[in-house]
Amino acid sequence: MHVLLFDIDGTLIDAGGAGQSAMEQAVVQLFGHTRPVVGIHAAGRTDRAIGRDLFDYYSIPATDDNWSRYLQTYLSLLPDSLKTKPGSILPGVVPLIEHLSRHDDVFLGLLTGNFAEGARVKLQHFGLHHHFKMGGYGDAHIHRDDVAREAYVTVQGHLPHVAPEHVWVVGDTPADIQCARAIGAKVLAVSTGIYSYDDLAPHQPDILMNDLTAAETWLTSLGLS
Ligand SMILES: [Mg+2]
């Protein structure tokens, strides 16, 4: 069995900034802050970490109530944000995922910094959600390595005997590569996000490609072509 854990933003889809825009709108709507957000990076990070930075940036008290209202408002704004922003599914993703979905010995999951519900909304918008059985998400974790650990524990709930070397993480940032190593998994990195091929190469993924249209060699090496 091959367990393949996909990142979402920059790997499966380019949501056109819909997520970040909905987060910033949520803060404006709830707390009335309109000062432009600068210096909060999103790529490879968890929604929990990005939200914490937004709260810090505007000096919003990080109470459970504020957080809960922020999360609900973000999720209510996300569908319209996805409709307004010019997003797309990234090259090679649809044929790859459809091919993998037909294999009995492939277990497809998510390893994403998105809130679980945000991940569902984004992937449903692009018609991809039904392919993924489970995931590790960014609701509770500041560090992506902890998301990978959560994903691996969830995978073990479905497949108790899976060994880490049969787990692949597919992602677009150095943090995706690092979190795969935290669970002993292999990594396929793609430069379809904000990091270029040359940015990612020094982080030594097992395989590095410009986009998933080149995934055939990877599939062949796994016996999945
Ligand atoms: Mg990403």
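Strand E6 (residues 167-171) has 5 of its 5 residues buried, so the rest of the structure largely encloses it. Buried here means under 20% relative accessible area with a 1.4 Å probe, protein chains only. Strands are DSSP runs of E with at least two residues, helices are runs of H or I with at least four, and both are numbered from the N terminus. This is a predicted model: local features need pLDDT of at least 70, side-chain atom pairs count only at pLDDT 80 or more, and totals for chains, interfaces and linings use all residues. Residues are numbered from 1 along each chain as its sequence is written, and side-chain values use heavy atoms, with hydrogens and water left out.

In a regular strand the side chains alternate between the two faces of the sheet. In E6, Val167, Val169 and Gly171 point one way, while Trp168 and Val170 point the other.

## Who pairs with E6

Two strands pair if DSSP finds at least two bridges between them. Strand E1 (residues 2-6) runs parallel to E6 over 4 bridges, with Phe6 bridged to Val170. Strand E7 (residues 186-190) is also parallel to E6, again with 4 bridges; there, Trp168 has Lys186 as its bridge partner.

## Helix H5

Along helix H5 (residues 116-125), the buried residues are Gly118, Ala119, Val121, Lys122 and Leu123. Their cover includes E2, H1, helix H3 (64-84) and strand E4 (106-111). After H5 comes Gly127, with a positive phi near 70°.

## The largest pocket

For your grid-minded side: a pocket is an open set of points on a 1 Å grid over the protein atoms alone, with protein on both sides within 12 Å along at least five of seven lines, and lining residues have an atom within 4 Å of a point. A volume is the space filled by probe spheres set on the points, which are joined across faces, edges and corners.

The largest pocket comes out at about 580 Å³. It has 32 lining residues, with Asp9, Gly10, Gln20, Ala42 and Ala43 nearest its centre. H1 gives the largest share of that lining, 4 residues.

Notes
1 Å grid on protein atoms, 1.4 Å probe; cavity = no way out; pocket = protein on both sides within 12 Å on 5 of 7 lines; lining within 4 Å. Buried < 20%, exposed > 50% of the residue type's maximum accessible area, 1.4 Å probe, protein only. Contact = heavy atoms within 4.5 Å.
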